[in-house]
Amino acid sequence: MKTRLMIPAMILALASCQKPAEMKTSSAMKQEVFGKMPDGREVKIFTLTNSNGLTARVTEYGAILVSMETPDKSGKTADITHGYDTLEGWLTNTSYLGATVGRFGNRIKDGKFTLEGKEYTLATNNDPGGIPCHLHGGLKGFDKVLWSGKPVGDNGVEFTYVSKDGEEGYPGNLTVKTTYTLNDDNELKWETSATTDAPTIVNIVHHSYWNLSGDPTTSINDHELTLRAPHFLPTDIGLIPTGEIAPVAGTPMDFTKPKIIGERVEADFEALKFGGGYDHCWVLEKGEGVRLAARLKDPETGRVMEISTDQPAIQFYGGNFLDGSFAGKGGVKYAKRSALCLETEGFPDAPNKAAFPSCVLRPGETYKHVMIHKFSAE
Ligand code: GLA
(Lines give C-alpha, C1' and ligand atoms only; values in the text may rest on other atoms or scores of the structure.)
Protein backbone atom coordinates (compact mmCIF):
# COMPACT_ATOMS: atom_id res chain seq x y z
CA MET A 1 0.00 0.00 0.00
CA LYS A 2 1.31 3.38 -0.91
CA THR A 3 1.06 6.11 1.65
CA ARG A 4 -0.78 8.94 0.11
CA LEU A 5 -0.55 12.50 1.20
CA MET A 6 -4.04 13.92 1.51
CA ILE A 7 -4.16 17.64 1.01
CA PRO A 8 -7.37 19.09 2.44
CA ALA A 9 -9.23 21.93 0.80
CA MET A 10 -6.91 22.17 -2.15
CA ILE A 11 -6.61 25.64 -3.37
CA LEU A 12 -7.14 25.26 -7.04
CA ALA A 13 -6.04 27.57 -9.72
CA LEU A 14 -9.28 26.76 -11.44
CA ALA A 15 -10.84 30.13 -11.05
CA SER A 16 -9.27 32.11 -13.82
CA CYS A 17 -9.54 31.54 -17.51
CA GLN A 18 -6.28 30.40 -18.97
CA LYS A 19 -4.85 31.53 -22.22
CA PRO A 20 -2.04 29.60 -23.86
CA ALA A 21 1.18 31.21 -22.72
CA GLU A 22 3.66 32.71 -25.12
CA MET A 23 5.61 29.90 -26.72
CA LYS A 24 9.05 30.63 -25.27
CA THR A 25 11.01 27.66 -26.43
CA SER A 26 14.53 26.45 -26.33
CA SER A 27 14.71 24.42 -29.46
CA ALA A 28 16.27 21.01 -28.95
CA MET A 29 14.63 18.66 -31.36
CA LYS A 30 15.83 15.26 -32.40
CA GLN A 31 14.45 13.37 -35.39
CA GLU A 32 15.03 9.63 -35.78
CA VAL A 33 13.63 6.60 -37.54
CA PHE A 34 11.19 4.79 -35.21
CA GLY A 35 10.62 1.78 -37.46
CA LYS A 36 8.79 0.66 -40.57
CA MET A 37 5.15 0.19 -41.49
CA PRO A 38 4.21 -3.35 -42.60
CA ASP A 39 4.33 -2.02 -46.21
CA GLY A 40 7.91 -0.79 -45.72
CA ARG A 41 7.27 2.93 -45.29
CA GLU A 42 9.60 4.55 -42.80
CA VAL A 43 8.13 6.01 -39.59
CA LYS A 44 9.82 8.98 -37.92
CA ILE A 45 9.92 9.83 -34.24
CA PHE A 46 10.69 13.32 -32.90
CA THR A 47 12.00 14.19 -29.44
CA LEU A 48 11.09 17.56 -27.97
CA THR A 49 12.85 18.77 -24.83
CA ASN A 50 12.60 21.98 -22.85
CA SER A 51 14.92 23.82 -20.49
CA ASN A 52 13.24 22.35 -17.38
CA GLY A 53 14.01 18.73 -18.19
CA LEU A 54 10.69 17.79 -19.79
CA THR A 55 10.79 15.47 -22.78
CA ALA A 56 7.98 14.58 -25.20
CA ARG A 57 8.38 12.02 -27.98
CA VAL A 58 5.91 12.01 -30.85
CA THR A 59 5.69 9.77 -33.90
CA GLU A 60 4.24 9.91 -37.39
CA TYR A 61 2.34 6.67 -36.73
CA GLY A 62 -1.06 7.71 -35.39
CA ALA A 63 0.33 11.18 -34.53
CA ILE A 64 0.98 9.46 -31.21
CA LEU A 65 2.52 10.91 -28.06
CA VAL A 66 4.99 8.09 -27.38
CA SER A 67 6.21 9.32 -24.00
CA MET A 68 6.08 12.33 -21.71
CA GLU A 69 8.76 12.70 -19.08
CA THR A 70 8.22 15.24 -16.31
CA PRO A 71 9.88 15.84 -12.91
CA ASP A 72 8.12 15.10 -9.62
CA LYS A 73 8.30 17.36 -6.55
CA SER A 74 11.80 16.12 -5.72
CA GLY A 75 13.00 16.69 -9.29
CA LYS A 76 12.96 13.02 -10.26
CA THR A 77 11.94 12.63 -13.88
CA ALA A 78 9.77 9.78 -15.15
CA ASP A 79 7.59 8.87 -18.12
CA ILE A 80 3.96 9.33 -17.07
CA THR A 81 2.24 7.73 -20.07
CA HIS A 82 1.35 4.18 -21.05
CA GLY A 83 2.70 2.96 -24.38
CA TYR A 84 5.37 0.83 -26.00
CA ASP A 85 9.14 0.91 -26.33
CA THR A 86 8.99 0.20 -30.06
CA LEU A 87 6.71 0.92 -33.02
CA GLU A 88 5.67 -2.75 -33.28
CA GLY A 89 3.57 -2.48 -30.11
CA TRP A 90 1.58 0.42 -31.43
CA LEU A 91 1.01 -1.28 -34.79
CA THR A 92 -1.12 -3.95 -33.13
CA ASN A 93 -2.53 -2.10 -30.13
CA THR A 94 -6.27 -1.52 -29.91
CA SER A 95 -6.38 0.78 -26.89
CA TYR A 96 -5.49 4.06 -28.68
CA LEU A 97 -2.50 4.65 -26.37
CA GLY A 98 -1.28 8.24 -26.84
CA ALA A 99 -3.02 8.49 -30.19
CA THR A 100 -4.69 11.17 -32.23
CA VAL A 101 -8.12 9.64 -32.70
CA GLY A 102 -10.52 10.38 -35.55
CA ARG A 103 -12.30 11.11 -37.82
CA PHE A 104 -14.91 10.95 -35.06
CA GLY A 105 -13.55 10.24 -31.59
CA ASN A 106 -15.87 8.58 -29.04
CA ARG A 107 -19.06 6.69 -29.94
CA ILE A 108 -21.74 6.89 -32.63
CA LYS A 109 -24.91 4.90 -32.01
CA ASP A 110 -25.28 1.87 -34.31
CA GLY A 111 -22.46 3.31 -36.46
CA LYS A 112 -25.05 5.31 -38.41
CA PHE A 113 -25.76 8.97 -39.00
CA THR A 114 -27.64 11.06 -41.54
CA LEU A 115 -26.15 14.16 -43.11
CA GLU A 116 -27.99 16.34 -45.65
CA GLY A 117 -30.59 13.63 -46.14
CA LYS A 118 -28.15 10.79 -46.79
CA GLU A 119 -27.55 7.96 -44.35
CA TYR A 120 -23.97 6.85 -43.73
CA THR A 121 -22.93 3.53 -42.23
CA LEU A 122 -19.67 3.25 -40.32
CA ALA A 123 -17.92 0.24 -38.82
CA THR A 124 -19.34 -0.99 -35.53
CA ASN A 125 -16.02 -1.80 -33.89
CA ASN A 126 -17.06 -1.67 -30.24
CA ASP A 127 -19.87 -3.23 -28.21
CA PRO A 128 -20.12 -2.13 -24.60
CA GLY A 129 -23.02 -3.89 -22.88
CA GLY A 130 -23.21 -6.15 -25.95
CA ILE A 131 -24.54 -3.29 -28.12
CA PRO A 132 -22.49 -2.56 -31.27
CA CYS A 133 -21.44 1.03 -31.93
CA HIS A 134 -18.83 3.00 -33.84
CA LEU A 135 -15.79 3.98 -31.74
CA HIS A 136 -12.86 6.31 -32.35
CA GLY A 137 -12.97 6.44 -36.15
CA GLY A 138 -13.53 2.77 -36.92
CA LEU A 139 -11.40 -0.21 -37.83
CA LYS A 140 -8.51 1.86 -39.16
CA GLY A 141 -8.87 5.28 -37.68
CA PHE A 142 -6.36 8.12 -37.52
CA ASP A 143 -4.52 6.26 -34.74
CA LYS A 144 -3.55 3.49 -37.16
CA VAL A 145 -2.37 5.46 -40.18
CA LEU A 146 0.96 7.00 -41.11
CA TRP A 147 0.94 10.78 -40.88
CA SER A 148 3.64 12.96 -42.41
CA GLY A 149 5.65 14.84 -39.79
CA LYS A 150 7.95 17.86 -39.96
CA PRO A 151 9.46 20.26 -37.42
CA VAL A 152 7.60 23.60 -37.11
CA GLY A 153 8.10 26.77 -35.11
CA ASP A 154 10.51 26.90 -32.19
CA ASN A 155 9.90 23.47 -30.69
CA GLY A 156 7.04 21.77 -32.49
CA VAL A 157 6.19 18.97 -34.89
CA GLU A 158 3.35 19.19 -37.40
CA PHE A 159 1.70 16.01 -38.65
CA THR A 160 -0.46 16.00 -41.77
CA TYR A 161 -2.89 13.33 -42.90
CA VAL A 162 -5.39 13.34 -45.76
CA SER A 163 -8.36 11.12 -45.06
CA LYS A 164 -9.95 10.22 -48.38
CA ASP A 165 -13.64 10.55 -49.18
CA GLY A 166 -15.25 7.27 -48.10
CA GLU A 167 -12.42 6.22 -45.77
CA GLU A 168 -14.00 4.26 -42.90
CA GLY A 169 -17.36 5.28 -44.38
CA TYR A 170 -17.06 9.02 -43.77
CA PRO A 171 -17.92 11.47 -46.57
CA GLY A 172 -15.51 14.14 -47.87
CA ASN A 173 -11.77 14.37 -48.36
CA LEU A 174 -10.54 15.65 -45.00
CA THR A 175 -7.13 17.31 -44.65
CA VAL A 176 -5.94 17.16 -41.04
CA LYS A 177 -3.03 18.86 -39.32
CA THR A 178 -2.01 17.98 -35.78
CA THR A 179 0.81 19.87 -34.06
CA TYR A 180 2.61 19.10 -30.81
CA THR A 181 4.63 21.92 -29.21
CA LEU A 182 6.58 21.87 -25.94
CA ASN A 183 7.47 25.22 -24.39
CA ASP A 184 9.49 26.37 -21.38
CA ASP A 185 6.33 27.01 -19.39
CA ASN A 186 6.06 23.21 -19.29
CA GLU A 187 3.10 23.15 -21.65
CA LEU A 188 2.61 20.41 -24.19
CA LYS A 189 0.18 21.78 -26.72
CA TRP A 190 -1.74 19.42 -29.02
CA GLU A 191 -3.55 21.32 -31.68
CA THR A 192 -5.60 19.96 -34.57
CA SER A 193 -7.28 21.59 -37.54
CA ALA A 194 -9.15 20.09 -40.48
CA THR A 195 -10.81 21.15 -43.72
CA THR A 196 -13.09 19.23 -46.04
CA ASP A 197 -14.35 19.32 -49.63
CA ALA A 198 -17.80 17.92 -48.74
CA PRO A 199 -19.98 18.05 -45.61
CA THR A 200 -18.72 15.57 -43.00
CA ILE A 201 -18.51 15.01 -39.25
CA VAL A 202 -15.35 15.67 -37.23
CA ASN A 203 -14.37 15.11 -33.61
CA ILE A 204 -10.61 14.53 -33.39
CA VAL A 205 -9.32 13.77 -29.89
CA HIS A 206 -6.04 13.14 -28.11
CA HIS A 207 -6.01 9.85 -26.22
CA SER A 208 -2.99 9.62 -23.89
CA TYR A 209 -3.14 7.34 -20.86
CA TRP A 210 -1.73 9.08 -17.77
CA ASN A 211 -0.37 7.78 -14.51
CA LEU A 212 1.29 10.76 -12.86
CA SER A 213 3.17 8.58 -10.37
CA GLY A 214 5.53 7.53 -13.14
CA ASP A 215 5.03 3.95 -11.95
CA PRO A 216 2.66 2.17 -14.36
CA THR A 217 2.14 -0.69 -11.91
CA THR A 218 0.18 1.57 -9.54
CA SER A 219 -3.50 2.54 -9.69
CA ILE A 220 -4.80 5.95 -10.70
CA ASN A 221 -7.54 5.51 -8.09
CA ASP A 222 -5.17 7.44 -5.81
CA HIS A 223 -5.05 10.46 -8.11
CA GLU A 224 -7.00 13.56 -7.27
CA LEU A 225 -9.14 14.94 -10.10
CA THR A 226 -10.94 18.21 -10.64
CA LEU A 227 -13.21 18.75 -13.64
CA ARG A 228 -14.52 22.19 -14.37
CA ALA A 229 -17.77 20.59 -15.40
CA PRO A 230 -21.16 21.07 -13.73
CA HIS A 231 -22.91 18.50 -15.95
CA PHE A 232 -22.31 15.10 -17.51
CA LEU A 233 -23.97 13.04 -20.22
CA PRO A 234 -25.77 9.96 -18.86
CA THR A 235 -25.64 7.04 -21.28
CA ASP A 236 -27.52 3.84 -21.98
CA ILE A 237 -25.85 0.52 -21.24
CA GLY A 238 -24.10 0.75 -24.63
CA LEU A 239 -22.39 3.97 -23.44
CA ILE A 240 -24.34 6.07 -25.94
CA PRO A 241 -25.59 9.37 -24.43
CA THR A 242 -29.32 9.38 -23.80
CA GLY A 243 -29.51 13.08 -24.72
CA GLU A 244 -29.97 14.20 -21.14
CA ILE A 245 -27.49 16.75 -19.76
CA ALA A 246 -27.51 15.93 -16.05
CA PRO A 247 -26.16 17.98 -13.14
CA VAL A 248 -23.25 16.34 -11.33
CA ALA A 249 -24.20 17.89 -7.97
CA GLY A 250 -24.85 15.29 -5.29
CA THR A 251 -23.54 12.40 -7.43
CA PRO A 252 -20.24 10.49 -7.68
CA MET A 253 -19.76 12.34 -11.00
CA ASP A 254 -19.13 15.60 -9.15
CA PHE A 255 -15.47 16.57 -9.58
CA THR A 256 -16.08 20.31 -9.40
CA LYS A 257 -14.01 20.20 -6.19
CA PRO A 258 -10.86 18.02 -6.07
CA LYS A 259 -11.75 14.37 -5.38
CA ILE A 260 -9.70 11.22 -5.06
CA ILE A 261 -10.88 9.08 -7.99
CA GLY A 262 -11.11 5.80 -6.09
CA GLU A 263 -13.31 7.17 -3.33
CA ARG A 264 -16.54 6.85 -5.29
CA VAL A 265 -15.68 4.74 -8.34
CA GLU A 266 -17.51 1.71 -6.92
CA ALA A 267 -20.55 3.71 -5.76
CA ASP A 268 -24.00 2.29 -6.41
CA PHE A 269 -24.77 4.71 -9.23
CA GLU A 270 -26.20 3.71 -12.60
CA ALA A 271 -23.70 5.61 -14.76
CA LEU A 272 -20.77 3.99 -12.95
CA LYS A 273 -22.35 0.55 -13.35
CA PHE A 274 -22.82 1.07 -17.11
CA GLY A 275 -19.27 2.42 -17.53
CA GLY A 276 -17.63 -0.20 -15.32
CA GLY A 277 -16.28 2.86 -13.50
CA TYR A 278 -15.66 6.33 -14.88
CA ASP A 279 -16.06 6.42 -18.67
CA HIS A 280 -18.26 9.39 -19.43
CA CYS A 281 -18.43 12.74 -21.12
CA TRP A 282 -18.53 15.77 -18.84
CA VAL A 283 -19.91 19.06 -20.17
CA LEU A 284 -17.45 21.83 -19.43
CA GLU A 285 -18.40 25.21 -18.01
CA LYS A 286 -19.31 27.50 -20.84
CA GLY A 287 -16.71 30.07 -21.81
CA GLU A 288 -14.81 31.60 -24.66
CA GLY A 289 -11.56 30.35 -26.12
CA VAL A 290 -9.01 28.09 -24.48
CA ARG A 291 -9.81 27.63 -20.80
CA LEU A 292 -9.00 25.33 -17.93
CA ALA A 293 -10.99 22.08 -18.05
CA ALA A 294 -9.30 19.63 -15.69
CA ARG A 295 -6.65 19.30 -13.03
CA LEU A 296 -5.09 15.97 -12.11
CA LYS A 297 -2.69 15.43 -9.24
CA ASP A 298 -0.79 12.48 -7.86
CA PRO A 299 -0.59 13.35 -4.14
CA GLU A 300 2.43 11.12 -3.58
CA THR A 301 4.82 12.45 -6.23
CA GLY A 302 3.18 15.89 -6.30
CA ARG A 303 2.93 15.82 -10.08
CA VAL A 304 0.11 17.97 -11.44
CA MET A 305 -1.31 18.10 -14.95
CA GLU A 306 -3.74 20.82 -15.95
CA ILE A 307 -5.66 20.55 -19.20
CA SER A 308 -7.01 23.58 -21.04
CA THR A 309 -9.13 23.45 -24.17
CA ASP A 310 -11.48 25.27 -26.51
CA GLN A 311 -13.81 22.24 -26.70
CA PRO A 312 -17.24 21.95 -25.02
CA ALA A 313 -16.66 18.61 -23.27
CA ILE A 314 -14.17 16.15 -21.81
CA GLN A 315 -14.27 12.35 -21.60
CA PHE A 316 -12.81 11.00 -18.39
CA TYR A 317 -12.02 7.34 -18.99
CA GLY A 318 -10.63 5.61 -15.91
CA GLY A 319 -8.82 2.76 -17.68
CA ASN A 320 -11.53 0.24 -16.81
CA PHE A 321 -10.90 -1.88 -19.91
CA LEU A 322 -7.18 -2.29 -19.26
CA ASP A 323 -6.87 -5.87 -18.05
CA GLY A 324 -3.21 -6.82 -18.09
CA SER A 325 -3.65 -8.61 -21.40
CA PHE A 326 -0.83 -6.81 -23.21
CA ALA A 327 2.65 -5.75 -22.20
CA GLY A 328 3.76 -2.17 -22.76
CA LYS A 329 6.90 -0.19 -21.95
CA GLY A 330 9.46 -2.24 -20.04
CA GLY A 331 7.24 -5.31 -20.41
CA VAL A 332 4.73 -4.00 -17.86
CA LYS A 333 1.26 -5.51 -18.23
CA TYR A 334 -1.09 -2.60 -17.80
CA ALA A 335 -3.69 -3.47 -15.17
CA LYS A 336 -7.25 -2.19 -14.80
CA ARG A 337 -7.21 1.50 -13.80
CA SER A 338 -3.43 1.77 -14.05
CA ALA A 339 -3.90 4.89 -16.18
CA LEU A 340 -6.64 7.30 -17.17
CA CYS A 341 -7.53 9.36 -20.23
CA LEU A 342 -8.83 12.92 -20.27
CA GLU A 343 -10.06 13.55 -23.81
CA THR A 344 -11.30 17.02 -24.69
CA GLU A 345 -13.94 16.70 -27.36
CA GLY A 346 -17.29 17.47 -28.93
CA PHE A 347 -20.25 15.48 -27.57
CA PRO A 348 -20.37 11.72 -28.29
CA ASP A 349 -23.07 10.70 -30.77
CA ALA A 350 -23.58 14.38 -31.68
CA PRO A 351 -24.38 13.40 -35.30
CA ASN A 352 -27.56 11.73 -34.00
CA LYS A 353 -28.53 14.32 -31.38
CA ALA A 354 -29.81 17.59 -32.82
CA ALA A 355 -29.70 19.26 -29.39
CA PHE A 356 -25.94 18.60 -28.95
CA PRO A 357 -23.38 21.05 -30.33
CA SER A 358 -22.91 20.26 -34.02
CA CYS A 359 -19.86 18.27 -35.16
CA VAL A 360 -20.60 18.90 -38.84
CA LEU A 361 -17.81 20.44 -40.93
CA ARG A 362 -18.58 21.96 -44.31
CA PRO A 363 -16.38 23.11 -47.20
CA GLY A 364 -14.95 26.56 -46.46
CA GLU A 365 -14.99 25.96 -42.68
CA THR A 366 -12.04 24.93 -40.52
CA TYR A 367 -12.35 22.52 -37.60
CA LYS A 368 -10.10 23.59 -34.72
CA HIS A 369 -9.24 21.88 -31.46
CA VAL A 370 -6.66 23.07 -28.93
CA MET A 371 -5.60 20.98 -25.93
CA ILE A 372 -2.84 22.15 -23.60
CA HIS A 373 -1.29 19.89 -20.97
CA LYS A 374 0.56 21.95 -18.37
CA PHE A 375 2.86 20.03 -16.05
CA SER A 376 4.09 21.02 -12.59
CA ALA A 377 4.85 19.48 -9.19
CA GLU A 378 4.00 20.71 -5.68
C1 GLA B 1 -12.36 5.62 -24.77
C2 GLA B 1 -13.68 5.13 -24.35
C3 GLA B 1 -13.54 3.87 -23.57
C4 GLA B 1 -12.63 2.88 -24.25
C5 GLA B 1 -11.31 3.52 -24.58
C6 GLA B 1 -10.42 2.64 -25.39
O7 GLA B 1 -11.84 6.63 -24.09
O8 GLA B 1 -14.43 6.07 -23.64
O9 GLA B 1 -14.80 3.32 -23.35
O10 GLA B 1 -13.24 2.41 -25.41
O11 GLA B 1 -11.47 4.68 -25.29
O12 GLA B 1 -10.22 1.39 -24.83
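In this predicted model, the second largest pocket has a lining of 15 residues, and those nearest its centre are Gln311, Pro312, Ser358, Cys359 and Tyr367. The volume of the second largest pocket is about 220 Å³. Two strands, strand 26 (360-361) and strand 27 (367-377), each contribute at least two residues to the lining of this pocket. By class, the lining of the second largest pocket comprises eight nonpolar, five polar and two charged residues.

The largest pocket holds about 520 Å³ of space. Its lining is made up of 26 residues, of which Thr94, Tyr96, Asn126, Leu135 and Phe321 are the closest to the centre of the pocket. Sorted by class, the lining of the largest pocket has nine nonpolar, 11 polar and six charged residues. The largest pocket is also where the ligand sits.

Around the ligand are the residues Tyr96, Arg107, Leu135, His136, His207, Tyr209, Asp279, Gln315, Tyr317, Phe321 and Glu343. This shell divides into five nonpolar, three polar and three charged residues. Tyr96, Leu135 and Phe321 belong to the shell around the ligand, and these three residues are also among those closest to the centre of the largest pocket.

For Glu343, a polar side-chain atom is found 2.6 Å from an oxygen atom of the ligand. For Arg107, the distance from a polar side-chain atom to an oxygen atom of the ligand is 2.8 Å. In the case of Gln315, an N or O atom of the side chain is 3.2 Å from an oxygen atom of the ligand. The ligand on its own has 310 Å² of accessible area, and the protein covers 95% of that area.

The model contains two cavities of 30 Å³ or more.

The largest cavity has a volume of about 60 Å³. Its lining consists of Asn106, Arg107, Leu233, Thr235, Leu239, Pro241, Asp279, His280, Cys281, Gln315 and Pro348. Strand 21 (residues 279-283) gives the most to this lining, supplying three residues. The lining of the largest cavity is divided into five nonpolar, four polar and two charged residues. Arg107, Asp279 and Gln315 line the largest cavity, and these residues are also found around the ligand.

The second largest cavity has a volume of about 40 Å³. It is lined by Tyr61, Ile64, Trp90, Asn93, Tyr96, Leu97, Ala99, Asp143 and Lys144. The classes in this lining are six nonpolar, one polar and two charged residues. Tyr96 lines the second largest cavity and is also one of the residues around the ligand.

Gly102 and Arg103 are joined by a cis peptide bond, with omega of about 5 degrees. Arg103 is located in the loop between strand 6 (99-101) and strand 7 (107-109). Asp110, although not a glycine, has a positive phi of about 55 degrees. Asp110 is placed in the loop between strand 7 and strand 8 (112-115).

Key. Residues are numbered from 1 along each chain as its sequence is written. This is a predicted model: local features need pLDDT of at least 70, side-chain atom pairs count only at pLDDT 80 or more; totals for chains, interfaces and linings use all residues. Side-chain values use heavy atoms; hydrogens and water are left out. A residue is near a molecule or strand if one of its heavy atoms lies within 4 Å of it. A polar contact is a pair of N or O atoms within 3.5 Å; within protein, one must be able to donate a hydrogen and the other to accept it, and residues adjacent in sequence count only if both atoms are side-chain atoms. Accessible areas come from the Shrake-Rupley method with a 1.4 Å probe; for residues, only the protein chains shown count as cover. On a 1 Å grid over the protein atoms alone, a cavity is a set of points where a 1.4 Å probe fits but cannot get out, and a pocket is an open set with protein on both sides within 12 Å along at least five of seven lines; lining residues have an atom within 4 Å of a point. A molecule sits in a cavity or pocket if more than half of its atoms lie within 2 Å of its grid points. Ala, Val, Leu, Ile, Met, Phe, Trp, Tyr, Cys and Pro count as nonpolar, Asp, Glu, Lys and Arg as charged, and the others, Gly among them, as polar. Grid points are joined across faces, edges and corners, and a volume is the space filled by probe spheres set on the points. Helices (H or I, at least four residues) and strands (E, at least two) are DSSP runs, numbered from the N terminus.
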